[in-house]
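Welcome! Have a look at the structure, then try each task before reading on.

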Amino acid sequence: MTTGLILNVKRFEIHDGDGIRTTLFLKGCPLRCQWCHNPEGIGAAPVLGYYAHKCIGCGRCAMVCPTGAQVMSVEGHRLEREKCLGCGKCEEVCLGEALTLFGKKVTPEQILPKLMEDADFYANSGGGVTLSGGEPLLQSQFCAELLSLLKKEGINTAVDTCLFAPRKALEEVFPYTDTFLVDVKAADGALHKRLTGQDNAPILENLAFLSGKGARIEIRIPFIPGKNDGEIPGIAKILAALPSPVVGVRVLPFHNLSAGKYEAVAASYPVKDCPTPGPEELLAAEEALKAAGLTVLAK
Amino acid sequence: MNPMLPFGFKENIGFLTDEYNEAEYDPATGLSPERLEEEISRYPDEHPQMPLPLVTANTFAYLLDNVQLSLNPHSIFPDKMNVGISYRPFASLSFFGKLANQQIRKRTATLLPEEWEKRALAAKIGLSVPGADFWHAVPDWEAVCKLGFAGLLARAEEQRKAFADRGELDEEKEIFFDAVILSYRAAVRYLERLAAYAEIKGMAWFAAALDFLAKEPPKTFYQVCLLSFLYLNIGELGVEHYRTNGMIDRMYYPYYKADLEAGRLTEEEGDEILRFYLMKISAAMREADQPIGLGGLLPDGSDATNPLTWRILEIYRELDIHNPKIHFRWHPGISPELLDLVLELIRGGNSSIVLINDETVIRAYERIGIERKDAVNYLPIGCYEPVISGREDPRICASWFNLAKPVELVLHGEYTDAHRLLGLPKTDPEPATFDLFLYEYYRTLDAGLEYTVNSIVEQMKVQYLVDPAPFLSGSYRCCIESGLDLHNGGAEFKNTSVKCFAVGTAVDSLLAIKKIVYDDKIMTLRELSGVMKKNWVGFESLRLTVRADREKWGNHRPEADALAQEIYNFCGKRLIGRKNGLGGVFRMGADSVGNSEIYGKTMGATPDGRYAGSPTTKNFRPETGLEREGVTALISSAVGLDGSLFLDAAPIDFMIHPTAVEGERGLLALRNMVKTCFAEGGFAIQGNVVSAETLRKAQADPESYRNLQIRVCGWNEYFVNMKKNLQDDFIARAEGIEGTV
């Protein structure tokens, strides 16, 4: 059976589809969005998260690290990231729970019971399981197998995707996905490339493909002041022209709550000083979407 | 303007929020508390031949006849008595209550010297503190409203005569009736005296209301609210605290509706009365907050909510107070919009609300043989404990029982004076397997429960010789019809409750012993005992390893959940339905209230990683900081326990980060969370929607966060008023949930 590389499982999640959900985050993403709120999910290789304030200096990580990435000295503990292979041995022994490996290998069968734990909550709320990331479609075979197992259990499924993926990946998950939560970040191709590192043409083609197949699609637009805030009318136009209407559009205002995670994986956060959009800006964005005949969903 | 509303709320609010604390008493109206205390404390010694119920009634009457009065001209519920209560930080007992408390202790110690000694020992080692619990009481509010003071008096007089006419008025009954009649006559005289004083103070409107209530049952919405306060203030002069104002929406609605229909009251005026009513409760500063009950099922199975339920909740939201606290009875047919209003309050920071599941309460009553038709009339009192209104004597806190203590006792394997006196077994100091360790745990648990139950029974047998309650009994039809005081077996259901708490500490400690001693063989049981006695010094790594283990109570882990179920099933078999020697049975609860701290102080370090003297786990919560899986896992662990085991309450305390329940979807998720919890048989749910960041800011800058409330157990406190260690505990807990957000 296929293995997947996962980041995390989050229960009682209300932002990733209908009802009370459990979201499984998968590792690896083809885009490099400047505002990414899951920096630990970007790279395809496992990455060690280190929360320095939780370290109690027990030194057990240094004892098990095969490459000497974990160093104990008179000054205390130090992580030499360049030596880290992401094996996760240190996480198992860390007493302060300061080390977390982002990127663990699991099979669909192994992770299924965890995703089923809140089945009663799904049933009572119209919720279910969402695959997110990173970009889940980078691991489409794993996703398809897991989604098919969930469907056998009668669980509502959703895939949260940027749609920058081969068509084949979409076709694999399509039969087992109740809702696609699709991020659209910019209408203008050049701007999209500048903000995310990739062209948006394949994304828009995939979106049209899914829409043409009658998929249930919810659109999510990250709203990043100074970055893509002028893109709403263009996005609205694209959405309004899709073969079948989307369920609705949600505008997701930028927040910088991920700063701690950037620190934990020692990544730079290009938009950390970006302001949170004000209510007027959000309202204007929503009005523009409504004007194009789209249904705007609450945050 | 309605004659009952001589002025508005808004312009008087400055004179209402702290009116008890600021009250000035008129010396011309009576004796000072010091003088009263002097007279009243002499009374029993001066009347050595007088039966105790009559001593109680006569001193009560003397107090009502002579207490100094105060009228707040800014309130429509203006009256207060000068009984030496201090209102900081919470309302203390009155001097009369303190005297009664001293007497109870003295009399119990005299009547049951050995029992008293054992009880002190059980408390010292932190096992249990069995007693009769005179402190949780509730009158028959329906009867109080229906009959009023004069009607309750007349009913007692009629029944006394009926017993006499039948030749059944023996000495005990005669004393009982005389004590009730003396008490109610005094109450009526008090109302008349208060009315005369109101006249003098130029408050003719209030004098008229009092004159009416001295003779008649209430007829209007205002009168029924006023009567509640009058009855509460009079009834609570002693030790019995009335732990709810009743299911006030269903109880007051007929008056409210009749007023509206007759054109005596507008909806706006109704709202004004509610503002005064709720603020009056807030100002009284009752410790652990005074409850009001809302919602629930009617006896015919239909929903009891009505337009008044909505108005009460709306006004409560507007006033932004946490006292009264609200007992909201949930059932599957409750209006989703009404539930949303309640959940919005909780989400918005007013967490002084507990949702209680009618179906689970009813099943729990059926388990002790009380039928659905009777159980459906339950009334939550205190923190969340159901009693059958007007028929069940609520000894809801006869004892707590520390489930973690037997783990500690078996671990150390000693045989002490406490073992000998409390009947605890000599256990194997080195059980060869974990199953044998568990066997010793259950043997000790069994003996501990046996001691606790027997001690309660012994103390309940002498309760009438210790604390008769004539005024309270006068409200109960069953007492008046049987001629027996509530504390002399007058109730129809004479049940007593034991609360088995600290399940998280017990389960996690047992599983840690299994791992350290039996599975991984890191050390022997004797060595582990030594480590505990040294409070983990030198073994911090081991302590953290234990804490890092995922198999912990409250996280929906199979082994931990199964062990908790086994422990509660064991306790349930020994407690629930067991005859208590008074014609009633035992009930079981699982909530800890403040006892997690109190009992925690008596305990050494425990193998779950807890340090000596730290609190045990609270209610169904996991150990602080170990709530790794979030709210759904906590609920799943808790509902894995059969809710019908816990007639005496088993609340689930959630803590949710605000971003997890924001917006419309968040409200819907909260609603469905409650629905799932209750569909799975959960007993009650309450909680806080707050982030660690907010709590940290509040700790650093209390001035800016004066109104930040925290649900502590079955009540709320302002976060900034909490002790630092308790604040830190909540911050740690909120940090713990952040990983799940």
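**Exercise 1.** How far apart do the C-alpha centres of domain 1 of chain A and domain 2 of chain A lie?

*Solution.* This is a predicted model, where local features need pLDDT of at least 70, side-chain atom pairs count only at pLDDT 80 or more, and totals for chains, interfaces and linings use all residues. Residues are numbered from 1 along each chain as its sequence is written, while chains are lettered from A and ligands numbered from 1 in the order in which they are written.

Start with the bounds, which come from an automatic or database domain assignment: domain 1 of chain A covers 4-44 + 104-297, and domain 2 covers 47-102. Their C-alpha centres lie 32 Å apart.

**Exercise 2.** How many residues of domain 1 of chain A are in contact with domain 2 of chain A?

*Solution.* Two residues are in contact if their C-beta atoms, placed from the backbone, lie within 7 Å. By this rule, 9 residues of domain 1 of chain A meet 8 residues of domain 2 of chain A.

**Exercise 3.** How many residues does each chain give to the contact between chain A and chain B?

*Solution.* Chain A gives 17 residues and chain B gives 25 residues. On the side of chain A, H4(A) brings the largest share, 4 residues; helices (H or I, at least four residues) are DSSP runs, numbered from the N terminus.

**Exercise 4.** Which residues is B:Tyr252 in contact with, leaving aside its neighbours within four places in sequence?

*Solution.* With those neighbours set aside, the partners of B:Tyr252 are B:Phe221, B:Val224, B:Cys225 and B:Leu308.

Key: Helix = DSSP H or I, 4+ residues; strand = E, 2+ residues; numbered from the N terminus.
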